[in-house]
Amino acid sequence: MAGAGPPSEGRYGERVFRPQERGEDERIDLGALTYDATTMARLRQLGVGPGWTCLEVGAGTGTVARRLLDEAGVAQVLAVDRDVRFLAEHPLPGLSTLQADITSDEFSPGLFRLVHARFVLMHLPAPQQTVSKLAGLLAPGGVLVVSDAVDLTTDSTPLTPYTRAMRAMWQGLRDSIGTDVSQVPHRAELLRAAGLEPVAAEIHVPPLVAGSAISRFWADTWQRARAAMVATGLIDDAGLDEAVRYLDSPRCTGLSPGMLTAWGWKPEAARPGRSDGV
């Protein structure tokens, strides 16, 4: 639950989830093991394939970028991140990397048939502004696809070690780096406001199974965000340790945060001599 809190003092990759910390790439890859297949299935259903030029925003370790080339057979992928050290470890023909801040006024890498950003907007302070900027990087007929986390630990959810930890995590990340998932269900509306049509959205909720990639991902995420979580007062160290044990237990009945994916198309350019859009 991402409630109101004091202004954040850092950004993703600074106070928490620093790429220079040992094992951060492995944590990211646990998320990739959970979500990549779903992401790729959606992108393929949208027609992504040979001849497409793609912009992968917040590319992390580059798993989606490489699968776009290997599985979808796209022509080119530009993978962008504020820190590209993990991308540089796995070069691939057709894959270019760019270390850049997408919120910067200077960020203007060209036009693409696909612009994809997964678990990026939720960490940025102005999602609508960022969506508009990413939509502006679409070639006519291109598609913008954005995915973010949806918190399912609502006030009506039974209080367990897991839900306590999740609520502390969302609040701690909100306070420390500005992460906000409270508006994620409205992502499709942001795409429409950016002039994209048609738009649609779907949600995928992976099961929490002891020892699974997603359960290990959240346990590692909690450990790395421990200080921010404890600082909320919603959980202490003992409670967090209990939550990690509970997450790896068959007693765990929690729902993992869902991944909401929304997409929208940039209209094709009007044909010469036609003013009715037909």
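1. A crossing of two helices is called left-handed if the near helix is turned anticlockwise from the far one by less than a right angle. With that in mind, do look at α5 and α9 in this predicted model: their crossing is left-handed.

2. On the geometry of that pair, helix α5 covers residues 161-177 and helix α9 covers residues 237-247. Their axes come within 8 Å and cross at roughly 120 degrees. Angles of 65 to 115 degrees count as roughly perpendicular and those over 145 as roughly antiparallel, so α5 and α9 are oblique to each other.

3. The side of α5 in this contact consists of P161, Y162 and A165, while α9 brings L240, E242, A243, Y246 and L247. By class, the residues of the contact of α5 with α9 are seven nonpolar and one charged, with no polar residue.

4. Now for the largest pocket, which is worth a visit on your screen. Its volume is about 980 Å³. The lining counts 44 residues, and those closest to the pocket's centre are Y12, G58, R118, F119 and H123.

5. Which elements each supply at least two residues of the lining of the largest pocket? They are the helices α1 (24-45), α2 (63-70), α5 and α7 (213-224), together with the strands β1 (53-57) and β2 (76-81). The most comes from α1, with six residues.

6. A last point on composition: the lining of the largest pocket divides into 24 nonpolar, 10 polar and 10 charged residues.

Note on methods. Residues are numbered from 1 along each chain as its sequence is written. This is a predicted model: local features need pLDDT of at least 70, side-chain atom pairs count only at pLDDT 80 or more; totals for chains, interfaces and linings use all residues. Side-chain values use heavy atoms; hydrogens and water are left out. Axes are lines fitted to C-alpha atoms, for helices over the stretch in contact, and angles run from 0 to 180 degrees between N-to-C directions. Helices (H or I, at least four residues) and strands (E, at least two) are DSSP runs, numbered from the N terminus. Angles under 35 degrees count as roughly parallel, over 145 as roughly antiparallel, 65 to 115 as roughly perpendicular and the rest as oblique. Contact means heavy atoms within 4.5 Å. Ala, Val, Leu, Ile, Met, Phe, Trp, Tyr, Cys and Pro count as nonpolar, Asp, Glu, Lys and Arg as charged, and the others, Gly among them, as polar. On a 1 Å grid over the protein atoms alone, a cavity is a set of points where a 1.4 Å probe fits but cannot get out, and a pocket is an open set with protein on both sides within 12 Å along at least five of seven lines; lining residues have an atom within 4 Å of a point. Grid points are joined across faces, edges and corners, and a volume is the space filled by probe spheres set on the points.
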